[in-house]
Amino acid sequence: MFSLQNEETVVAEEIIEEELQPTDLEDAVDEPHRIIPAIEFRDVHLSFDDNKILDGVSFTVRRGETKVILGRSGGGKSTTIRLVLGLLKPDSGQILIDGEDITNYSEIEMMKVREKIGMVFQEGALFDSLSVYDNVAYRLHEQGIDETEVETEVRRMLKFVDLEDAIDKMPDELSGGMRRRVGVARALVGDPQIIMFDEPTAGLDPPTARTICELAIKLRDLEDVSSIFVTHEMKNVEYLSSEYATVNENGEVIFEMEGEKLCLINTEIVMFKEGKVIFSGKNEEFRATKDPYILKFVRGK
Amino acid sequence: MNLLKKFLFELQEITNLIIAAFFGLFRSPRYFSETVRQMDLIGVGSLPVVLLTGFFTGGVLILQTYPTLEYYSLQDQAGKSVATSIIRELGPVLSALMVSGRIGSAISAELGSMVVSQQIDAMRALGTDPNRKLVAPRIIALMFMLPLLTVAADIFGIVGGGIVASGVFSLDYNSYITSVRFGITTQDLIGGIIKPLFFGLIIGSVSCHKGLSTTGGTVGVGRSTTNSVVLSSIVVIIFDFFLSRAINSIFDIKTI
């Protein structure tokens, strides 16, 4: 017990020194639990045979923050998300969720941790044999929740993603964009405070991709959700880093550009290259960098 | 050496899968309705195939053995020869092979497709253990339904043999039935039901393992489906030999 307290104190001190801004500390006085990052990677290494996937990756995702992970295909972005969910185990290093070290958790222990994490898969990964309703209700059905409550929650989530009309459809009747949105609704059931987006806009037309980004922005600004948004599309980075969601006088959610009003958009970028983090910071710093690899990525050539 | 290592690794994976599915039965939530659905798919769905196989196997057995029995003036043993062969060996093994082809391939393809479309990952991410939700109901359904299918195949095999014996060789039907009744023993019946229990376990665990370890997209699904049928059929036939030896020595069944 003594050593545990000791360790927590050390961790908190490190975070205060390295991560927190003065405004964060003011918030933390009111809500002490906000000091602990939602997700933390500490020197994580992972290899498949001789192929190094992650090579000493360290970063943190604070509460209510969106971390955009950028990088080329096969650069370890999706692997990072799978590690957070415990679908893979690292060779070395530590992964902490809400300050809890999950690195060596068994599958049964991970089930508890996964209850607080939602996941949006690249192609939606909807269950083919279940309707949209049953897909969204999946987690609640597994927990044996009363059907009346389930229906209320499913309708609320489908309304959030603007897909109430598709409630009785089967996944094969949906377009790619609708599948992703159902995937988002399924991930949001149970109000998880951490959401993982694994290339949710890949292969979608620009307006639908924009809709998915708006959902991520709404979650960040209105629901205080921490998230990792894996992508390799710079348009997504632009949306997530320059716009914020707010509610107008009529109670409608609107999106405004940074600069129209004073706001601090809670999004940072992490850039992966060959399993290493080569950049971590705000969008402005990212675009101002002289690193040729990042410049190539930003300009797309 | 590499082949041996691969074999031991596969064996370890399948054993782990069975253990995980077994211990999952004692934790909630329990997937009773899924198990019943699988029983319907496996049992009722496979019934026509298994009955046809049993019927014509009984028929062909009498077609091939009757002339020899007649040569030695042992026509009154025709029913016994068919019943013993079918109940002890052909019923359990042929039913298992038919179910392996029909159900084993379907299980492997279904789970393999779920793996490549990330549905298994989604299931785990949503807090469900696929071993409990997908593997355990299928193995239980197979272990429960395969003995019942085997009994049905046995009955249709004996009936098929009787129809061919009386229709083709003009053997008195009563003589055939009497030979069946006095030819088979309780030990034969018990042995004939124990075998499909194990065969169900083999088909279920091999198919689920092959499906869940699918890699390489849709091509991989095809590969794992083929491997599942081939491997489970071979293991059923090999295991049948050792199981027959064990049952014969436990129940002291004379092989002649």
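How many bridges join strand S1 of chain A and S2(A), and in which sense do the two pair? I'll start there. One caution before the answer: this is a predicted model.

Strand S1 of chain A covers residues 39-48. S1 and S2(A) pair over 8 bridges, in the antiparallel sense. To find a spot on the screen, look for Phe48(A), which stands opposite Asn51(A) in S2(A).

Now the rest of that sheet. It is an open sheet of 4 strands in chain A, and the order across it is S2-S1-S4-S5. The pairing is antiparallel. Which strands stand at the edges? They are S2, residues 51-61, and S5, residues 100-101, of chain A. Each has a single partner strand, so one side of each has no neighbour in the sheet.

Next, chain B. There are 8 helices and 0 strands in its secondary structure. Read from the N terminus, the elements go α-α-α-α-α-α-α-α. Along the principal axes, the C-alpha atoms of chain B fill a box of roughly 70 × 40 × 35 Å. Chain B has 256 residues, and 44% of them count as buried.

Then there are the contacts inside chain B. Take those between residues at least 6 apart in sequence: 88% of them join residues at least 24 apart.

Last, the place where the chains touch.

Note on methods:
Residues numbered from 1 in each chain as written. Chains lettered and ligands numbered in written order. Predicted model: local features only at pLDDT ≥ 70, side-chain atom pairs only at ≥ 80, totals over all residues. Buried ≥ 20, exposed ≤ 12 C-beta atoms within 10 Å, placed from the backbone. Contact = placed C-beta atoms within 7 Å. Pairing = 2+ DSSP bridges.
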